[in-house]
Amino acid sequence: MAEQGGRGCCPPMDLFRSEAMQLVQIIIPIESAHRTVDYLGEIGLIQFKDLNAEKSPFQRTYATQIKRCGEMARKLRLFKEQMSKAGLLSSSTSSTQVDLSFDDLEVKLGELEAELIEINANGDKLQRSYNELVEYKLVLQKAGEFFRKAQSSAEALLREQASNQTGEQSLETPLLSDQEAVADPSKQVKLGFITGLVPREKSMAFERILFRATRGNVFLRQAVVEEPVTDPVSGEKVEKNVFAVFFSGERAKTKILKICEAFGANRYSVTEDLGKQAQMITEVSGRISELKTTIDVGMLHRGNLLQTIGEQYDRWNILVRKEKSVYHTLNMLSIDVTKKCLVAEGWSPVFATKQIQDALQRATHDSNSEVGAIFRVLRTREMPPTYFQTNKFTSSFQEIVDAYGVAKYQEANPGVYTIVTFPFLFAVMFGDWGHGICLLLATLFLLIREKKLSSQKLGDIMEMTFGGRYVIFMMSLFSIYTGLIYNEFFSVPFELFGRSAYGCRDPSCRDSTSAGLIKVRDTYPFGVDPAWHGTRSELPYLNSLKMKMSILLGVAQMNLGIFLSFFNALFFRSGINIWCQFVPQIIFLNALFGYLSVLIIVKWCTGSKADLYHVMIYMFLSPTDELGENQLFAGQKTTQLVLLFSALVAVPWMLLPKPFLLKAQHERHQGQSYTALQEAEESLLVESSDDSGHHEEFEFSEVFVHQLIHTIEFVLGAVSNTASYLRLWALSLAHSELSSVFYEKVLLLAWGFNNVFILIIGIIVFIFATVGVLLVMETLSAFLHALRLHWVEFQNKFYEGDGYKFSPFSFSLVDGEDE
């Protein structure tokens with residue numbers, strides 16, 4: 001299976017068939033294994049097979065190294081998070097880049113992580129102390145105001161009492177002077193107080209709970225802090241109030257402390273002495289200033305450290321990811337019983353043999369190994385992976401095909417034809433050269449900024465659009481082409497290629513009918529004559545034209561698909577598929593719908609008024625009846641009888657011979673399933689594909705049922721698929737009519753009011769309707785319908801799509817992966 005790349009009758013063509021693949025075995029000395037896999041990852045042209053699939057990840061040879069790589073990757077993620085928080089970007093512009101070995105990098109990352117964690121811990125402690133001191137200063141200032149105001153009012157009251165000779169008043173509890181002024185001095189008690197800050201949003205509930213818990217035996221004062229305060233615990237900006245709670249008794253104090261803790265209120269001790277308060281404010285302000293300086297120095301040191309890490313981050317990250325991928329690959333290799341070499345198996349393109357051998361030689365030389373790696377090609381019946389060499393233009397078209405299914409190894413690739421047919425069928429439904437120019441301008445923007453956008457993180461929709469930029473580019477070019485054929489520019493016709501071939505016999509024909517039109521010049525040279533637009537017969541004419549054109553395009557593409565099945569059968573040397581599948585299918589399809597296509601072309605060329613519906617219907621119902629006025633050419637009746645008979649014969653031809661021929665072929669090869677003894681050197685091969693050489697058990701009933709389903713599917717599909725291509729006509733008509741409605745009912749209607757304001761609104765509505773409906777929704781609709789026509793109507797004629805992609809071990813893929 002892997003050696004069929006050179007077969008076939010046709011010259012090689014890029015993308016038409018996948019690259020010829022080979023199963024290779026490499027025996028690598030243990031001392032050069034790492035460097036060998038490293039060099040093979042650089043060329044990226046070998047897909048390793050996992051020869052240790054039965055082992056768990058922890059039982060494999062290099063599990064410890066992978067664990068080390070994971071730990072280093074965790075440290076790098078920590079550095080990236082810290083750089084993101086600091087607003088720093090990683091860059092590779094450092095002039096002092098030092099190449100570190102894997103072990104040295106591990107030590108370096110450990111040292112940097114320890115230093116960064118220590119800096120962060122110290123910074124967090126200092127910042128918390130700073131925030132606490134800022135809150136303490138606020139409490140001292142606001143609570144001091146409580147005491148000053150209370151003392152001044154108490155002194156004023158005392159002076160008033162002294163003048164009235166009403167006795168003396170203690171100043172021990174000035175805030176309760178109003179209540180205690182009339183009390184007996186012998187009954188005065190010492191009150192305690194608690195001060196702190198409480199979040200403003202909780203202040204009302206805080207006050208209510210305090211009142212209820214102490215049954216009103218507290219006195220609470222609050223003051224609003226104007227600016228938000230950084231909370232020492234959470235580190236977030238919070239709006240807070242300074243509070244002072246006065247109480248009597250230890251039980252009340254215990255309750256108040258619990259309530260403060262429940263509400264997240266930070267408590268700070270304040271003295272009653274105003275002089276000491278001022279002294280404490282001065283001390284706290286000095287400590288705040290010192291802490292601020294210390295924090296700034298720490299932040300500068302942290303910033304310098306992160307800057308140093310950022311300069312090397314990309315290189316370190318790539319190195320760690322490469323090392324991890326190398327050890328993952330080494331874990332897929334089987335180790336020899338002598339523990340001195342590793343055995344690797346994998347798929348590679350045939351053309352890459354020289355590059356792989358050169359990489360093995362370089363690895364042997366650079367690792368100073370005395371024994372070189374052994375490279376050999378294995379013979380196998382296992383199905384190779386599918387590999388197409390694509391570029392940035394063809395890759396998006398290949399992705400359209402791969403989304404349906406990856407091509408089987410070396411079967412005909414529809415991606416080659418999709419490059420042309422996909423944008424063309426899209427344009428048949430989207431044909432308007434004004435809308436095509438809008439799509440082209442949008443795509444040119446993506447193409448001009450291609451390098452910049454490819455290195456940026458885009459949203460999901462934008463990423464998808466950018467990935468398909470060349471598909472949209474081709475779609476826009478073909479839309480301009482079909483728009484010129486339809487002669488529509490935002491639904492308005494233009495005489496771009498000459499004057500109209502038709503003129504009016506009298507002025508009345510210009511209004512709403514084409515009855516008065518006569519041909520006065522040569523036929524309009526390209527596309528639809530502009531005289532048809534706006535006439536009463538425009539819709540019937542364009543309906544007929546686009547419907548017949550859809551059938552012609554559909555039959556042509558389905559024939560292409562059947563012919564590709566012929567080239568597949570020829571390439572894989574399957575005569576049964578040629579004579580029992582291709583031939584009856586091509587006869588059946590063209591005996592019916594190929595004939596219909598010929599009738600359409602003949603009718604266009606001759607100008608006949610024959611009814612093709614009648615011809616096709618009575619070809620089946622009354623094949624021997626005379627055609628009368630529906631006859632398009634001589635001998636048509638006989639031709640129809642021959643074609644009808646051919647179509648009827650093709651059905652059992654598709655159904656019956658192939659299962660019996662396959663059965664006979666199986667019985668003939670049944671005795672040839674024994675293979676020659678292996679040579680001595682072949683005994684070293686890893687027995688990974690022994691089972692693949694056995695013939696599968698042949699079930700005639702299963703094969704016959706499969707062929708029956710395939711035949712029914714093709715016969716019914718020939719009708720349904722041809723009808724499915726009429727979506728080209730339907731969507732083209734819908735696009736044209738929508739465009740015409742927006743132009744006539746929005747733009748022309750606004751123009752008719754002779755009002756600048758209404759005209760501006762009309763232009764805005766027209767632009768938004770055109771962009772939103774025609775350039776976005778209609779583009780998506782036509783894209784999906786073109787996708788369906790390729791996946792179902794075209795590819796089901798020949799494309800199996802049951803292969804699997806070639807996924808080589810490549811550092812370019814590792815570098816491009818998101819973390």
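These questions and answers walk through a predicted model.

Student: What is the mean pLDDT of the protein chain?
Tutor: Confidence comes before geometry. In the protein chain, 89% of residues reach 70 or more. The mean pLDDT is 87.

Student: How many contacts does the stretch of residues 1-11 have beyond near neighbours in sequence?
Tutor: Over residues 1-11 the pLDDT is below 50. The model still places contacts there. Beyond near neighbours in sequence, their number is 23.

Student: And residues 176-183: how many contacts does the model have for them beyond four places in sequence?
Tutor: Here too pLDDT stays under 50. Beyond four places in sequence, the contacts of residues 176-183 number nine.

Student: Is strand S7 largely enclosed or open?
Tutor: Strand S7 spans residues 240-247. On one side Lys240, Val242, Ala244 and Phe246 are buried. Eight of the eight residues are buried, so strand S7 is largely enclosed.

Student: Over how many bridges do strand S3 and S7 pair?
Tutor: Strand S3 covers residues 192-199. One of its residues, Val198, has Asn241 of S7 as bridge partner. The pairing of S3 and S7 is antiparallel, and the bridge count is eight.

Student: Which residue in S7 is the bridge partner of Ala223?
Tutor: Look at strand S4, residues 219-224. S4 and S7 pair in the antiparallel sense over six bridges. In S7, the partner of Ala223 is Val242.

Student: What is the relative accessible area of Asn487?
Tutor: Asn487 is not a glycine, yet its phi is positive, at about 60°. Its place is the loop between helix H14 (469-486) and strand S12 (502-504). Asn487 is buried, with a relative accessible area of 2%.

Student: What distance separates the C-alpha atoms of His365 and Ser32?
Tutor: His365 sits in helix H8, residues 353-366. It is exposed, with a relative accessible area of 62%. Ser32 is 333 residues apart from His365 along the chain. Their C-alpha atoms are separated by 9.1 Å.

Student: Is the ring pair of Phe393 and Phe397 stacked, edge-to-face or tilted?
Tutor: The count of aromatic pairs comes to 38. In the pair of Phe393 and Phe397, the ring centres are 5.6 Å apart and the planes lie at 50°. Stacked needs under 30 degrees and edge-to-face over 60. The pair of Phe393 and Phe397 is therefore tilted.

Student: What is the relative accessibility of Phe397?
Tutor: Take its ring partner first. Phe393 is partly exposed, with a relative accessible area of 26%. Phe397 counts as buried, and its relative accessibility is 0%.

Student: Which residues do ring pairs link into a cluster with Trp791?
Tutor: Ring pairs build this cluster. Besides Trp791, its members are Tyr404, Phe794, Phe798 and Tyr799.

Student: Which residue lies over the face of Phe571?
Tutor: Two rings carry a charged residue over the face. For Phe572 it is Lys408, at 5.1 Å from the ring centre. For Phe571 the distance from the ring centre is 4.1 Å, and the residue is Arg17.

How values were computed:
Residues numbered from 1 in each chain as written. Predicted model: local features only at pLDDT ≥ 70, side-chain atom pairs only at ≥ 80, totals over all residues. Heavy atoms only, no water. Helix = DSSP H or I, 4+ residues; strand = E, 2+ residues; numbered from the N terminus. Buried < 20%, exposed > 50% of the residue type's maximum accessible area, 1.4 Å probe, protein only. pLDDT = per-residue confidence, 0-100. Contact = heavy atoms within 4.5 Å. Phe/Tyr/Trp six-rings, centres within 6.5 Å; stacked < 30°, edge-to-face > 60°. Lys NZ or Arg CZ within 6 Å of the ring centre and 35° of its normal. Pairing = 2+ DSSP bridges.
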